[in-house]
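Hi,

Here is the structure I promised to hand over. Have a look, and then read on for my notes.

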Amino acid sequence: MNYHEPAIEADAEVSVALGEDFPELRATVRKICAKFPGEYWRALEDRSGYPTEFVEALTGAGFLGALIPEEYGGSGLPLRAAAVILEEINANGCTASPAHAQMYIMGTLLRHGSETQKRTYLPDIAQGKLRLQAFGVTEPNTGSDTTQLKTRAERQGDVYVVNGQKIWTSRALHSDLMLLLARTTPLDQVKKRTDGLSVFVVDLRAAKGNGIEIRPIKAMINHNTTEVFIENLRVPAENLIGEEGQGFRYILDGMNAERILVASECVGDGRWLLNKGVAYASERSVFGRPIGQNQGVQFPLARAYAELEAADMMCRRAAALFQAGRPCGSDANIAKLLASEATWKAADTAFQTHGGFAFAQEYDVERKWREVRLYQTAPISTNMVLAYVAQHVLGLPRSY
Ligand SMILES: Cc1cc2nc3c(=O)[nH]c(=O)nc-3n(C[C@H](O)[C@H](O)[C@H](O)COP(=O)(O)OP(=O)(O)OC[C@H]3O[C@@H](n4cnc5c(N)ncnc54)[C@H](O)[C@@H]3O)c2cc1C
């Protein structure tokens, strides 16, 4: 094999569970989700609301602290368990996105934060006293090319003074803390463009009205996403995570976990949509027989099932490699790519199967159909994943 990424050796250390893993965890998630039916999510969407009660229920069950080690008050579960939680939430008609960021943003703090920072934040995050739900990376003018971001943080004594703008910062109005990526050394003064970026924990409670203004963006889905305007925001130097200038690496470090978790959310959504499609295909009778008796209706459902199964297996493999501390960049990216496409296929198939009723909000199919479209764009767009695979796995020249 002529691939760049180290080949996976056949060994017994990395094993993948088949079937329904973490059954007790899944059962608890299902029980919680049963209390938040479609009506709840539809009503929220009508008022662009945030599912506070749902997030509180998840926090109360310890799910948002799943990946926080026990010594910091969390459950210390493996990544696959967190993936199962998110998958199961979506597979039961709820939406994991209002809460998912906390699971993977926290990793940057855990891996690169000081002991004081970890003791300050992690136990309260695990208990739900502090919400770390916002992640400010994307900017209006730099797009996927993160190293070009313009938000500047300049050290002045004990503080960094930050100026700039972020866009699509989801949940910023429903979070106490935000992880912020900003440039601390100007681009023309660094050897590599990935140098000179730094990560900060910003306390939004203090910052709102004192250097930060947050404006909601009306979007196609109810994602509580915002624009964040930053003007002379003073962030205490002690809120810098790790070393100044190393922030890009810290963010990249968390990407594999993020990809695997998001891919699992996709699988969950896909399963919910597929189930809806299959149920409707069995119930709806036209021309004197169930529509699902027609191959033109059942084959797309069967294909969507097959593609979801393949994506699920890729999620499991990526999570197993991650857990074993093995290289998993290509697996995590491929899992996200396949899962985002499989869930979109399932959504579109469920939509088509429902005929005109797909457009009726009370079926929730159109809402999920809109929601799952996001995965091909965020947190990373499909082309960026393909560019990763082309360059890092196939050894083709960097295209950008
Ligand atoms: C609802 C929502 C929530 C979000 N939440 C957050 C959040 O909480 N925090 C955050 O920081 N960001 C968030 N994002 C931003 C998201 O991560 C970006 O939108 C995404 O990474 C794509 O960046 P962009 O929109 O700037 O697209 P661009 O980078 O402008 O790209 C536009 C298109 O061009 C393609 N493209 C660009 N360059 C190349 C190339 N070299 N080769 C091939 N194709 C290319 C892209 O794949 C894409 O299809 C969110 C976005 C949305 C829509």
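Two bits of housekeeping. This is a predicted model, so local features need pLDDT of at least 70 and side-chain atom pairs count only at pLDDT 80 or more, while totals for chains, interfaces and linings use all residues. Residues are numbered from 1 along each chain as its sequence is written.

**Ligand and domains**

The shell around the ligand has 23 residues, where a residue is near a molecule if its C-beta atom, placed from the backbone, lies within 6 Å of it. The closest are Val 137, Gly 143, Ser 144, Trp 168 and Asn 383. Two elements give two or more residues to this shell, β1 (132–136) and α13 (382–393). Helices (H or I, at least four residues) and strands (E, at least two) are DSSP runs, numbered from the N terminus. The largest share of the shell, 3 residues, comes from α13.

By type, the shell divides into 11 nonpolar, 12 polar and no charged residues. Here Ala, Val, Leu, Ile, Met, Phe, Trp, Tyr, Cys and Pro count as nonpolar, Asp, Glu, Lys and Arg as charged, and the others, Gly among them, as polar.

The domain assignment gives domain 1 (23–131), domain 2 (135–245) and domain 3 (251–393); these bounds come from an automatic or database domain assignment. The ligand lies between domain 2 and domain 3, because both give residues to the shell around it. The C-alpha centres of domain 2 and domain 3 lie 31 Å apart. Their contact takes 6 residues from each of domain 2 and domain 3, with two residues in contact if their C-beta atoms, placed from the backbone, lie within 7 Å. On the domain 2 side of that contact, the residues divide into 5 nonpolar, 1 polar and no charged.

**The nonpolar core**

The largest nonpolar core has 108 residues. A nonpolar core is a set of buried Ala, Val, Leu, Ile, Met, Phe, Trp, Tyr and Cys residues joined through C-beta atoms within 7 Å. Buried means that 20 or more other C-beta atoms lie within 10 Å of a residue's own, exposed means 12 or fewer, and partly exposed is in between, with C-beta atoms placed from the backbone. Among the members that touch the most others are Phe 200, Ile 260 and Ala 311. Leaving out residues up to four places away in sequence, Ala 311 touches Ala 263, Cys 266, Val 267, Ala 335, Leu 338, Ala 339 and Ala 342.

**Strands**

Strand β4 (residues 177–183) is largely enclosed by the rest of the structure, because 7 of its 7 residues are buried. Leu 177, Leu 179, Leu 181 and Arg 183 point one way from β4, and Met 178, Leu 180 and Ala 182 point the other way. In a regular strand the side chains alternate between the two faces of the sheet.

On pairing (two strands pair if DSSP finds at least two bridges between them), β4 runs parallel to β1 over 4 bridges, and Leu 132 stands opposite Leu 177. Strand β5 (residues 197–203) is antiparallel to β4 and joined to it by 7 bridges; Met 178 has Val 202 in β5 as its bridge partner. The loop between β4 and β5 holds Lys 191, which is exposed because it has 7 other C-beta atoms within 10 Å.

Strand β2 (residues 152–156) and strand β3 (residues 159–167) pair antiparallel over 5 bridges, with Glu 154 opposite Val 161 in β3. β2 and β3 form a hairpin with 2 residues between them, and Gly 157 in the turn has a positive phi of about 65°. β3 also pairs with β7 in the antiparallel sense, over 8 bridges, and there Val 161 has Arg 234 as its bridge partner.

Most residues other than glycine have a negative phi, and most peptide bonds are trans. Which peptide bond here is cis? The one joining Ala 378 and Pro 379, with omega about 0°. Pro 379 lies in the loop between α12 (365–373) and α13.

Phe 22, not a glycine, has a positive phi of about 50°. Phe 22 sits in the segment before α1 (23–33) and is buried, with 20 other C-beta atoms within 10 Å. Asn 232 also has a positive phi of about 50° without being a glycine. Asn 232 is in strand β7 (residues 226–236) and counts as exposed, with 9 C-beta neighbours inside 10 Å.

Cheers
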